[in-house]
Amino acid sequence: MLYSRYFIPTLKETPSDAEVVSHQLMLRAGMIRKLAAGIYNYLPLGLRSIRKFENIVREEMNRAGAIEMLMPSVQPAELWQESGRWTFYGKELLRFKDRKESEFCMGPTHEEVITDLVRREIKSYRQMPVNFYQIQTKFRDEIRPRFGLMRGREFIMKDAYSFDVDGSAADESYDKMYQAYMRIFERCGLKFRAVEADTGSIGGSSSHEFMVLAESGEDAIVSCDSCHYAANVEKAEARPDQLDDKVAQLPLEKVATPDKKTIADVADFLGLPSDRTIKTLIYTSGTGDLVMALLRGDHELNEIKLKNSLCWEEIQMASEEQIMAVTGSPIGFLGPIGLKVKIPIIADLGIQGLANTVVGANEKDVHFTNANLERDFQVDRFIDLRNVVSGDACPRCEQGKLEMWRGIEVGHVFKLGTKYSKALNATYLDADGKEQILFMGCYGIGIGRTVAAAIEQNHDKNGIIFPIPIAPFHCSVVALNTKDKGVMAEAEEIYFKLEKCGIEVLFDDRDERPGVKFKDNDLIGIPLQMVIGSKGLAEGKVEVKIRKTGEVLFLPIEDAIAHIQQLVGSSLNYE
RNA sequence: CGGGGAGUAGCGCAGUCUGGCAGCGCACCUGCCUUGGGAGCAGGGGGUCGAAGGUUCAAAUCCUUUCUCCCCGACCA
């Protein structure tokens with residue numbers, strides 16, 4: 001590709017509305033341009049990277065036995081009404097009517113469509129297992145799109161749906177996808193973790209997220225430093241601490257704590273460590289149910305654990321008025337002792353070992369000290385309610401400690417069970433001619449998001465550093481002096497030779513000063529650069545620059561070509 | 001949806017408080033010059049100041065309404 005005939009509109013300055021590095025660099029490198037909030041043009045360079053990644057995904061999906069197809073991006077309302085999600089999905093579903101006033105939506109996901117297809121076409125156990133996938137543009141009318149391709153409203157996604165005769169066959173399909181995902185992200189040269197995850201609104205029995213590690217990641221994840229356990233913090237299990245030694249229970253005492261509302265304030269004021277206090281939180285389902293949650297003062301509530309334990313659809317902190325009605329006290333002095341209205345009390349496992357703790361007295365500016373479980377207050381249920389923190393004991397092995405990371409969720413695999421097949425009545429006949437419900441799995445990969453995550457993980461102050469497998473071009477040939485016929489002729493010949501070897505080359509033939517070319521080639525992240533100048537050519541040599549390390553090799557032309565070939569070859573080779 | 005901020009040339013911004021010629025840097029076009037890390041000189045093009053209404057002799061600037069975009073929260077590939 002000739003740079004001068006291509007289209008790479010780079011920017012020197014960072015557009016002010018881009019916050020994260022990948023967004024800034026994709027704009028500056030001329031990969032994308034915004035059309036509307038969360039909706040982007042993919043410019044030639046950006047599209048090349050996306051296509052590269054799509055092809056890796058495609059190869060690995062095919063290899064795992066999945067079958068490619070393509071479903072429409074516009075979907076009829078009837079299907080969504082049938083699954084119940086027309087009302088449940090809310091405003092994120094972009095709806096509109098056609099000229100006949102029939103209702104449609106832009107597909108945010110394709111469970112309904114695929115299940116509808118499959119229930120018509122898959123009738124027999126002999127047709128399974130089967131796994132269909134597509135690479136499609138989805139639309140979710142997010143309340144707040146942000147971070148460029150990382151969270152757009154319109155985005156490209158690979159989604160796959162497996163159908164099996166029973167749970168254990170579905171587990172096998174799931175494992176295949178899990179392995180395919182491992183290969184996909186390894187092939188891209190990304191640092192990532194597969195972690196246990198909450199299934200969220202998609203539902204199903206279990207799931208794993210694939211997280212590209214990056215400081216700017218929106219998710220917190222943990223992994224064990226000694227076994228294979230890894231999980232999203234939303235899901236990560238906390239192992240309760242050892243129970244306290246038997247200590248003598250001291251008498252319950254009321255103490256004045258004027259204006260001491262936070263755990264830190266109260267602990268400070270009383271001269272106690274915060275793990276000797278109990279944090280009391282009141283939550284509501286939004287439909288009138290209330291629950292009290294107790295945690296050790298230094299622990300943080302995991303709302304998802306609480307929500308899942310209650311089987312509520314929604315969970316939010318109770319309002320000041322609701323709290324006042326239950327406890328008679330303003331926020332800051334809540335506790336489990338002496339409630340005006342009885343509500344369920346759920347406590348974190350960490351509460352069990354505590355003795356002589358501090359709790360709010362349900363009275364403004366007053367706390368109790370030496371409160372003790374059973375003697376002073378009762379708990380309806382003990383469950384794991386808290387967020388794990390770095391250094392916590394691993395829930396799976398004896399010696400391990402949990403390490404914390406930030407991650408960008410680029411893939412998610414779900415065991416769906418029969419949730420959708422039941423709702424849409426997708427059945428097959430088994431070997432005995434009996435009608436059975438299909439078992440499903442679904443598997444997503446954010447295509448644009450993965451490219452953005454790769455940039456988030458691989459950049460420096462000069463710009464993007466693409467891993468070769470998803471780089472828009474493997475190599476650039478930078479001709480330094482375009483007026484020098486010798487340089488241009490030699491550069492052109494090298495360009496042809498490299499292309500003939502199957503290397504994807506961007507030939508920077510622009511009539512620009514060297515500095516401009518170096519800056520642009522660095523910015524757009526071309527992993528290997530061959531620099532051809534008149535001085536080097538006088539010795540029959542050219543430079544090979546490795547973008548990632550900055551290393552520069554001064555080599556005879558043929559050696560340089562061979563070296564590039566070898567570097568590209570080894571990075572694309574994966575077994 | 002709640003809270004915060006911003007809309008002035010393709011990009012980055014000043015000007016708005018205190019109304020009075022619409023500006024600066026980069027980019028773009030022409031010429032000269034220059035060629036190993038975003039050069040220099042000279043000349044040039046480009047604006048309904050987000051939109052609508054109002055106040056005023058006069059509005060980018062003051063008032064009202066509205067649209068868009070960005071940031072923080074809940075959702076998600």
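Visitor: Which class does E504 fall into: buried, partly exposed or exposed?
Guide: This is a predicted model, where local features need pLDDT of at least 70 and side-chain atom pairs count only at pLDDT 80 or more, while totals for chains, interfaces and linings use all residues. Residues are numbered from 1 along each chain as its sequence is written, chains are lettered from A and ligands numbered from 1 in the order in which they are written, and side-chain values use heavy atoms, without hydrogens and water. Buried means under 20% relative accessible area, exposed over 50%, and partly exposed in between (1.4 Å probe, protein chains only). With 23% relative accessibility, E504 is therefore partly exposed.

Visitor: How many residues apart in sequence are the parts that K52 and E504 tie together?
Guide: The two side chains form a salt bridge at 2.8 Å, N to O, the term meaning a side-chain nitrogen of Lys or Arg within 4 Å of a carboxyl oxygen of Asp or Glu. K52 sits in helix α2 (residues 44-63) and E504 in the loop between α12 (485-500) and β28 (505-508), so the sequence separation they span is 452 residues. Helices (H or I, at least four residues) and strands (E, at least two) are DSSP runs, numbered from the N terminus. As for K52 itself, it counts as buried, at 16% relative accessibility, and the separation again is 452 residues.

Visitor: Which residues join E60 and R183 in one salt-bridge network?
Guide: E60 and R183 meet at 2.7 Å, N to O. E60 is in helix α2 and R183 in helix α6 (residues 167-187), so their bridge links parts 123 residues apart in sequence. Both are buried, E60 with a relative accessible area of 3% and R183 with 15%. Through shared partners, the network that holds E60 and R183 also takes in E59, R63 and R187.

Visitor: Which residues touch the most other members of the largest nonpolar core?
Guide: A nonpolar core is a set of buried Ala, Val, Leu, Ile, Met, Phe, Trp, Tyr and Cys residues joined through side-chain atoms within 4.5 Å. The largest has 58 residues, and those touching the most other members are M31, F53, Y181 and F185.

Visitor: How many residues of helix α1 are buried?
Guide: The buried ones pack against elements including β1 (32-36), α11 (447-457) and α13 (514-523). They are S22, H23, L25, M26, L27 and R28. Helix α1 (residues 21-28) is largely enclosed by the rest of the structure, because its buried residues number six of the eight.

Notes:
Contact = heavy atoms within 4.5 Å.
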